[in-house]
Amino acid sequence: MNTDLNNMTLKKNKIKNDNISRDETLHSSNNTVAHPFLKWAGGKRQLLEKFQELYPTQLKQKKIKTFYEPFLGSGAVFFDIAQKFDIKSAYLYDINEELILTYKVVQKDVSKLLDFLYHYQKDYIKLDKKERQNFFYDQRNSYNLQRFNINYSKYSEHWFPRAAQLIFLNRTCFNGLYRVNSKGEFNSPVGDYVNPVICDEKNLLAVHKVLQIAEIKKADFKQVVTDLNEQSFIYFDPPYRPISKTASFNAYSKHAFDHNEQVELASLFRKLDQQGMLMMLSNSDPKNNDPNDNFFEEIYNGFNITRVPAKRMINSDSNKRGAINEIVVTNY
Ligand SMILES: C[S@@+](CC[C@H](N)C(=O)[O-])C[C@H]1O[C@@H](n2cnc3c(N)ncnc32)[C@H](O)[C@@H]1O
């Protein structure tokens, strides 16, 4: 499975606006620091600096060898931790099967993925605005139709174009927001980026390399209990708690994450605390809307809760992208 990219000669994509050539070769020793290759709602890239102070001391002392991230999304924390500390293995889970499919392709067959992305880049960039819209909606339709033909539980060559299509849609849709409706159809509209980088070869190669320590699986967060090791650190970043008890946040996948799941997650956190795991969990702070809302103080009673300022990045209304707090719960 593991391709050693230090020794591998790859075709180089030289992409300059609409002028693309792919005829050079490079030894991709690639010292690029890997960062998330998808833009994801609730992505934690902007909070990484603040998170440094909140990571457990044992991680900084390089005593922790195993990392778990059961709500993977774009994996901002995984990429940070895997490249800064002495992590030997990582268990990365998410319930979103499209996301997991894409990660697995990057992990196993990045050069085949790059071939598809290279063509997307070349074909899309040269189009005018109207043609880009048509191209985007054609891709979105085919992406939604094809989902019935994909076997998500069996890795195959059909996964390569699918992963490329997800990356293309993510890079060119409005706000880069991956959003599905209750039927599981991707429904973000087209964006209007002048020069979107669809084929980010350097980063994808770096991501491929970092992912070699990872076991990637489509799973519900409750499955984390079955896969635990000693000397482990777990970072939980569930979908934001809904504002009301009846609402649920389900933009990531057709599975809703409701009030009860937030409570179940808190019970799991308590159970794993008793088993000696080191854990950090983040969520949006309900006190942003209601200073008297003590939901997290109640369900995480006895643990440390820190508030960190964040920016709500993804909101179609730019006026609502102001500063808000996130909460970070730790058991250390
Ligand atoms: C807030 S996002 C994680 C963002 C991530 N930390 C990042 O930096 O991009 C929450 C993720 O949880 C996933 N998810 C939702 N319900 C889940 C469940 N029951 N089990 C596991 N993952 C779930 C979603 O698909 C989504 O990717």
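This note sets out numbered points on the fold, the confidence and selected elements of a predicted model.

1. Basis of the model. Residues are counted from 1 along each chain, in the order in which its sequence is written. Because the model is predicted, local features need pLDDT of at least 70 and side-chain atom pairs count only at pLDDT 80 or more, whereas totals for chains, interfaces and linings use all residues.

2. Confidence. The chain has a mean pLDDT (the predictor's confidence in each residue, from 0 to 100) of 86, and 83% of its residues reach 70 or more. Confidence is highest in helix 5, at 98, and lowest in strand 2 (residues 19-27), at a mean of 38. Over residues 1-29 pLDDT stays under 50, and the model has 41 contacts beyond four places in sequence for this stretch. Where pLDDT is low, the predicted coordinates should not be read in detail.

3. Overall composition. Ten helices and nine strands are found in the chain; helices (H or I, at least four residues) and strands (E, at least two) are DSSP runs, numbered from the N terminus. Of the 332 residues, 37% are buried, a residue being buried if 20 or more other C-beta atoms lie within 10 Å of its own, exposed if 12 or fewer, and partly exposed in between, with C-beta atoms placed from the backbone. Among contacts (C-beta atoms, placed from the backbone, within 7 Å) with a separation of 6 or more, 68% link residues 24 or more positions apart.

4. Strand 7. Seven of the seven residues of strand 7 (residues 278-284) are buried, so this strand is largely enclosed by the rest of the structure. One side carries L278, M280, S282 and S284 and the other M279, L281 and N283, all of them buried. Strands are taken to pair if DSSP finds at least two bridges between them. Strand 7 runs parallel to strand 6 (residues 232-236), with four bridges, and antiparallel to strand 9 (residues 323-330), with five bridges. In these pairings M280 is the bridge partner of Y235, and S284 stands opposite E326 in strand 9.

5. Strand 6. Five of the five residues of strand 6 are buried. S232, I234 and F236 point one way, while F233 and Y235 point the other way. Strand 6 also pairs with strand 3 (residues 66-69), in the parallel sense over three bridges. F233 is the bridge partner of F67 and stands opposite L278 in strand 7.

6. The 16 residues of helix 5 (residues 110-125) reach 22 Å from first C-alpha to last, close to the 22 Å expected at 1.5 Å a residue; the expected span is 1.5 Å times one less than the number of residues. Its buried residues include L113, F116, L117, Y120 and Y124. Seen down the axis, the buried residues of helix 5 fall within an arc of 165 degrees (taken from the directions from the helix axis to the C-beta atoms), so they line one face of the helix. In helix 4 (residues 97-108), the buried residues, among them L99, L101 and Y103, pack against strand 4 (89-94), helix 5, helix 7 (159-172), helix 8 (201-210) and strand 5 (214-218).

7. Y300. This residue is found in the loop between helix 10 (295-299) and strand 8 (304-311). Y300 is buried, with 20 other C-beta atoms within 10 Å. Not counting residues up to four places away in sequence, Y300 touches A266, I305 and V329. Y300 and V263 are 37 residues apart in sequence and 9.4 Å apart in space, C-alpha to C-alpha.

Key
Contact = placed C-beta atoms within 7 Å.
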